[in-house]
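Please open the model in a viewer and keep the selection panel at hand.

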Amino acid sequence: MDMSVDDLAGGITKIVLRGRFDTTSAVVVELPFNKLVTEKRKIIVDLSAVNFLASYGIRVLLVGAKIVNGKGGSLVILCPDNNVAKVLKTAGMDALIPIHQTEAAAMAALAS
């Protein structure tokens with residue numbers, strides 16, 4: 001799993017995850033991910049390059065959203081792959097974390 005971070009306009013931070021978000025990789029990205037969500041208030045998590053999402057990956061996303069929401073910020077998910085989107089929907093994540101298909105929609109959601 002590869003994780004990169006981009007600063008976008010409006011104080012938005014985009015975290016791009018690539019590869020398999022399985023138990024092993026979730027353990028690897030959990031600490032740097034949690035550090036970012038602790039420091040930032042507007043976060044887009046781009047899952048468009050994630051081809052597998054395990055329950056531990058879902059947990060990392062939920063904990064991150066809880067941290068950001070706890071300080072009055074927002075975390076949204078961008079453009080999940082079809083299989084990843086199915087996992088997110090089955091887990092009920094779409095009711096807990098907003099999911100957007102385009103970066104423009106995700107940025108608009110964070111701007112409001």
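**First stop: Met3**

Select Met3 together with its contacts, a contact being a pair of heavy atoms within 4.5 Å. Not counting residues up to four places away in sequence, Met3 touches Ile15, Val16, Leu17, Val29, Pro32, Phe33 and Leu36. Met3 itself belongs to strand 1, residues 2-8. Helices (H or I, at least four residues) and strands (E, at least two) are DSSP runs, numbered from the N terminus. With a relative accessible area of 22%, Met3 is partly exposed. On this scale, buried means under 20% relative accessible area, exposed means over 50%, and partly exposed lies in between, for a 1.4 Å probe and protein chains only.

The model is a predicted one, in which local features need pLDDT of at least 70, side-chain atom pairs count only at pLDDT 80 or more, and totals for chains, interfaces and linings use all residues. Residues are numbered from 1 along each chain as its sequence is written, and side-chain values use heavy atoms, with hydrogens and water left out.

**The whole chain**

Now display the entire protein as a cartoon. There are 4 helices and 5 strands, and from the N terminus on they follow the order β-β-α-β-α-β-α-β-α. The C-alpha trace spans about 30 × 25 × 20 Å along its principal axes. A compact globule of 112 residues would have a radius of gyration near 13 Å, and the 12 Å of this protein agrees with that. The radius is taken over C-alpha atoms, and the globule rule is 2.2 Å times the number of residues to the power 0.38.

Of the 112 residues, 39% count as buried. Among contacts with a separation of 6 or more, residues 24 or more positions apart account for 69%.

**The nonpolar cores**

Next, select Phe21, Phe33, Val45, Leu47, Leu61, Leu75 and Leu88. Within the largest nonpolar core, which has 24 residues, these touch the most other members. Strand 2 (12-21), helix 1 (23-39), strand 3 (42-53), helix 2 (55-70), strand 4 (74-78) and helix 3 (82-90) each give two or more residues to this core. A nonpolar core is a set of buried Ala, Val, Leu, Ile, Met, Phe, Trp, Tyr and Cys residues joined through side-chain atoms within 4.5 Å. A second, separate core has 6 residues, including Ile44, Val76, Leu78 and Ala106.

Zoom in on Phe21. Leaving aside neighbours within four places in sequence, the contacts of Phe21 include Met1, Ala26, Val29, Val50, Phe52 and Leu61.

Which ring has the charged end of Arg20 over it? It is that of Phe52, whose centre is 4.1 Å from the charged end. Such a charge sits over a ring if NZ of Lys or CZ of Arg is within 6 Å of the ring centre and within 35 degrees of the ring normal.

**Val76 and His100**

Move to Val76, in strand 4. At 3% relative accessibility, Val76 counts as buried. Beyond four places in sequence, its contacts include Ile43, Ile44, Val45, Ile97, His100 and Leu110. Leu110 is 34 residues from Val76 in sequence, yet the two are 7.8 Å apart in space, C-alpha to C-alpha.

Then select His100, which lies in strand 5 (residues 99-100). His100 is buried as well, with a relative accessible area of 17%. Residues touching His100 include Val76, Cys79, Pro80, Ala105 and Ala109, with those up to four places away in sequence not counted.

Asp81 is found in the loop between strand 4 and helix 3. Is Asp81 buried or partly exposed? With a relative accessible area of 27%, Asp81 is partly exposed. Leaving out residues up to four places away in sequence, Asp81 touches Leu47, Ser48 and Val50.

Ala49 is in strand 3 and counts as partly exposed, at 35% relative accessibility. Leu17, Arg18 and Gly19 are touched by Ala49, again not counting residues up to four places away in sequence.

**Last stop: Asn34**

Finally, select Asn34 in helix 1. Asn34 counts as buried at 19% relative accessibility, and Asn34 touches Val63 and Ile67, not counting residues up to four places away in sequence.
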